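Visitor: Please walk me through this model. I will ask, and you answer briefly.

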Amino acid sequence: MSDEKIERAVLVSIAASSSHVRECELSLDELERLLSTAGASAFCKVIQIKESFDPRTCLGKGKVQEIAEICKNNGIGLVVFDFELSPMQIRNLEADFGGDVRVLDRSMLILDIFALHATSGEGKLQVELAQLKYSAPRLVGHGTELSRQGGGIGTRGPGESKLETDRRHLHEKINSLEARLRELEHNRSVMRAKRDRSGIPKIGIVGYTNAGKSTLLNRITDAGVLSEDKLFATLDPTTRKATLPSGETVLFTDTVGFIRKLPHHLVKAFKSTLDEVVYSDVLLIVSDVNDPEVGEHLRVTEEVISDLGAGDKPRIYVYNKCDALDNCAQHVEPREDTVMISARTGYGMEELFTLISDMLSRLKKEYTLLVPYAEQACVSSMYDKYSVLSTEYLAEGVLVRVVLDERGRGLYGGYIVTSDGEV
Ligand SMILES: Nc1nc2c(ncn2[C@@H]2O[C@H](COP(=O)(O)OP(=O)(O)OP(=O)(O)O)[C@@H](O)[C@H]2O)c(=O)[nH]1
Ligand SMILES: [Mg+2]
């Protein structure tokens, strides 16, 4: 594509005070990367330092005027805000900027990228639904022209038709998508229950977008998952089986990356795919050790994990892309739940596998169960998956001493009479 064809945009942020400017700049740099992933480029970045908040446009009159001039003088047709705007604020801003300028916010841009990268039926439906709920009310008014012109950044939908902005049809479409998604969610939970019965431990690979999660899954399992130097290259989760050097079989799941200012409603929209995180036994939290913002990325990741209700999962901190540093170890405080790797070269993989095996065996505990005779079929299934230490036939049922992991506790927890220390 020639440079002329790449849409250019003005990026806008507001800093609450001058001490927040650096933070805004970093976030705008990320917005610029999001924009380029969506196929456009940044013409310039504008930060307004403003203590009070004007609900009509978020910006002061002078700033609106300044941006309008920039757009007019340079033929720019797109302004992207680094925070969420209401439909009314978008309309006010577009009116103030002049007829030809479109306004998008960060969430609309992220949804646009999701729309480009969704591959599975479920992923596409989730994006379409999120767009109908979030982007469509913000695009009302662009409706007919956009459909005719073939949309543009912020309007691309994965559905068969162009993003529907007609209010009358919105409600109906949302209901039907929600019903289809419920069905898919049910199928996913049936599949998950089947996997759970297999007793194979599940490892969720999570972390900030572009940290190298997919590259790591490929390194471990040859999964052939698309890994790219783009934000949100992965949208749909991929699960692959692998055997650790210790001989243990485990399932690894690669998931969608996280990003700062990811609104709760967006996280919720992808809940069914992110549930793979919630149902993991161990989380591998992958970070790019080269990124100066690694601390902030970890904070965001932890926040999303706890929003998902997985805050108490055992975790291993994986610092990736070590090959790009001279002395990797210097950059990370050594801890027993921390490992430095290069998913690209394979450096540190043995250590990672050892940490995973250790963590899994620490999650196992010895239990005494009392299984009523009417349900004793489950004792034989226990033999297939877990290490049964002894059985004793009592008047009330079978007394079983067995080593269970978290999944086993989920399956047989109802029969537990005592639990001992770690094995
Ligand atoms: N130098 C170096 N680059 C790496 C390493 N691992 C991944 N990368 C690069 O980092 C970029 C992102 O990798 P991905 O595996 O797509 O990252 P991801 O975390 O899956 O990203 P999303 O799916 O977008 O959230 C790609 O260009 C990879 O080639 C590594 O160990 N070293
Ligand atoms: Mg990925």
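Guide: Two residues are in contact if their C-beta atoms, placed from the backbone, lie within 7 Å. This is a predicted model, where local features need pLDDT of at least 70, side-chain atom pairs count only at pLDDT 80 or more, and totals for chains, interfaces and linings use all residues. Residues are numbered from 1 along each chain as its sequence is written, while chains are lettered from A and ligands numbered from 1 in the order in which they are written.

Visitor: Of the contacts in the protein with a separation of 6 or more, what percentage comes from residues 24 or more positions apart?
Guide: The C-alpha atoms fill a box of roughly 85 × 55 × 40 Å, taken along the principal axes. Within the protein, take the contacts with a separation of 6 or more; the share from residues 24 or more positions apart is 68%.

Visitor: What percentage of the residues of the protein count as buried?
Guide: A residue is buried if 20 or more other C-beta atoms lie within 10 Å of its own, exposed if 12 or fewer, and partly exposed in between, with C-beta atoms placed from the backbone. The protein has 423 residues, and the buried part is 38%.

Visitor: How many helices and strands does the protein have?
Guide: Helices (H or I, at least four residues) and strands (E, at least two) are DSSP runs, numbered from the N terminus. The tally for the protein is 14 helices and 14 strands.

Visitor: In what order do the four strands of the open sheet stand?
Guide: Two strands pair if DSSP finds at least two bridges between them. β1 (7-15) and β3 (78-81) pair in the parallel sense over four bridges. β2 (40-49) and β4 stand at the edges with a single partner strand each, so one side of each has no neighbour in the sheet. The pairing is parallel, and the order is β2-β1-β3-β4.

Visitor: What angle does α1 make with β2?
Guide: Axes are lines fitted to C-alpha atoms, for helices over the stretch in contact, and angles run from 0 to 180 degrees between N-to-C directions. Helix α1 (21-37) packs on the sheet and touches β1, β2 and β3. Its direction and that of β2 make about 160°.

Visitor: Which helix gives the most to the shell around ligand 1?
Guide: A residue is near a molecule if its C-beta atom, placed from the backbone, lies within 6 Å of it. The shell has 22 residues, and the closest are Gly212, Ser214, Asp229, Thr234 and Gly257. By class it holds six nonpolar, 10 polar and six charged residues. With three residues, the top contributor is α8 (213-221).

Visitor: How many residues of α8 are buried?
Guide: The cover over its buried residues includes β5 (202-207), β6 (238-243) and β9 (315-320). Among the buried residues are Lys213, Ser214 and Arg219. Helix α8 is mostly covered, and the count of buried residues is eight of nine.

Visitor: Is Asn210 buried or exposed?
Guide: Asn210 sits in the loop between β5 and α8. Its phi is near 75°, a positive value in a residue other than glycine. Asn210 has 24 C-beta neighbours inside 10 Å, so it counts as buried.

Visitor: With which residues is Tyr279 in contact, leaving aside its neighbours within four places in sequence?
Guide: Tyr279 lies in the loop between α10 (271-278) and β8. It has 18 other C-beta atoms within 10 Å, so it is partly exposed. Beyond those sequence neighbours, the contacts of Tyr279 are Arg192 and Lys202.

Terms used. Nonpolar A, V, L, I, M, F, W, Y, C, P; charged D, E, K, R; others polar.
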